[in-house]
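Reader: I would like to learn how to read the features of a protein model. Please take me through one case.

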Amino acid sequence: EAVFRGGRGTDAIDSARHYQHDQAEGLRALLEPQDAAWGAGMEDAYFTGWTPEEIADHAHLARQAETDGGAAASARIRTDRNAAEVAIAAPDRRGLFADLAAVMAGLGANIVGARVYTSRNGQALDIFYVQDAAGAPFGADSTIALSRLIQALESAAMGAPPPMEARKGFDSSRAAAFSIAPVVAVDNEASADATVIEVSGRDRPGLLEAVARALANDNLSIASAHVENYGERAVDAFYVHDAAGAKLTDARRITGLKKAIGEVLAEDEPI
């Protein structure tokens, strides 16, 4: 808007960043002293998306992860989102997000939303919103199912293989009569230090795992992610770095990555 009105493009951006930073600093000040280092390591954008109570819960989970040897997970039913909210704190590594998504798929949990953050201290905070096959909050009628999911996520975060259980295949007869065109966009301008990969296509069991695995196979690390479902369409944005912690700039590599993700999105799409 600043550019179109003849002003400098950085004016609005700088104003938004200052506002975001001030908000983040105010929320960091509310943390317990033992969580101050964790709060300092989280990006400002994290603090704008959560209440003070939720931030305190996340800080406690991060502290528990360090105490328990690296990973800790928790879950609660969110009736306002018609989903179970599952949070996990663990050391960041390439492929972590894909491994966690594989656990979800293996246990029959459908991911309808997710937020991923990575602190400057090297710890990942992944938050998933999951439903069961009937579209109800996963584990709403079974605390055992939620407990089992938490244990599996903590194990997978530390490198254990995900549970290998029979998955229900995608029922193409339930697909809509119209096609949802897969879209993969790579943007190096939206973020100052990361490449933003936007992915959109028909949702299906295991889709998020497959997309995340494609990123990991290309030696890309996910710094943050925003995952949402709109009906049958999944819309995901991944902020990624290469092995050197830089943006993905090689044109041939970008073309290959877009092709690989496009093939994942095209699977099971009605012809």
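Reader: To begin with burial, what percentage of the residues in the protein are buried?

Author: Buried means a relative accessible area under 20%, exposed means over 50%, and partly exposed lies in between, using a 1.4 Å probe and protein chains only. Here 44% of the 271 residues are buried. This is a predicted model, in which local features need pLDDT of at least 70 and side-chain atom pairs count only at pLDDT 80 or more, while totals for chains, interfaces and linings use all residues. Residues are numbered from 1 along each chain as its sequence is written, and side-chain values use heavy atoms, with hydrogens and water left out.

Reader: How much accessible surface does the protein have?

Author: Accessible areas come from the Shrake-Rupley method with a 1.4 Å probe, and for residues only the protein chains shown count as cover. The total for the protein is about 14,000 Å², and carbon and sulfur atoms hold 52% of it.

Reader: How many helices and strands are there?

Author: Helices (H or I, at least four residues) and strands (E, at least two) are DSSP runs, numbered from the N terminus. The protein has 8 helices and 8 strands. As for contacts, meaning heavy atoms within 4.5 Å, take those between residues at least 6 apart in sequence: 64% of them join residues at least 24 apart.

Reader: How should I read strand pairing, and which strands pair with E2?

Author: Two strands pair if DSSP finds at least two bridges between them. Strand E1 (residues 72-78) pairs with E2 in the antiparallel sense over 7 bridges, and Ala-75 stands opposite Val-86 in E2. E2 also runs antiparallel to E4, with 8 bridges joining them; there Ala-87 stands opposite Ile-127 in E4.

Reader: Why is E2 largely enclosed?

Author: In strand E2 (residues 83-91), 8 of the 9 residues are buried, so the strand is largely enclosed by the rest of the structure.

Reader: What pairs with E8?

Author: Strand E6 (residues 195-202) is joined to E8 by 8 bridges, and the two run antiparallel. In this pair Glu-198 stands opposite Ala-237. E7 and E8 are also antiparallel, over 9 bridges, with Ile-222 opposite Val-240 in E8. E7 and E8 form a hairpin with 2 residues between them, and Gly-231 in the turn has a positive phi of about 65°.

Reader: What should I make of a positive phi, and which residues other than glycine have one?

Author: Most residues other than glycine have a negative phi. Asn-82 has a positive phi near 50° and is not glycine. Asn-82 lies in the loop between E1 and E2, a hairpin with 4 residues between the strands, and is partly exposed at a relative accessible area of 36%. Asn-219, also not a glycine, has a positive phi of about 60°. Asn-219 is in the loop between H7 and E7 and counts as partly exposed at 42% relative accessibility.

Reader: Which residues line the largest cavity nearest its centre?

Author: Of its 16 lining residues, Asp-92, Arg-93, Leu-96, Phe-97 and Ile-222 lie nearest the centre. H7 gives the largest share of this lining, 3 residues.

Reader: How large is the second largest pocket, and which residues lie nearest its centre?

Author: The second largest pocket has about 810 Å³ of space. Its lining has 26 residues, with Glu-43, Ala-45, Ser-191, Asp-193 and Tyr-239 nearest the centre. E7 supplies the largest share of that lining, 5 residues.

How values were computed:
1 Å grid on protein atoms, 1.4 Å probe; cavity = no way out; pocket = protein on both sides within 12 Å on 5 of 7 lines; lining within 4 Å. Points joined across faces, edges and corners; volume = space filled by probe spheres on them.
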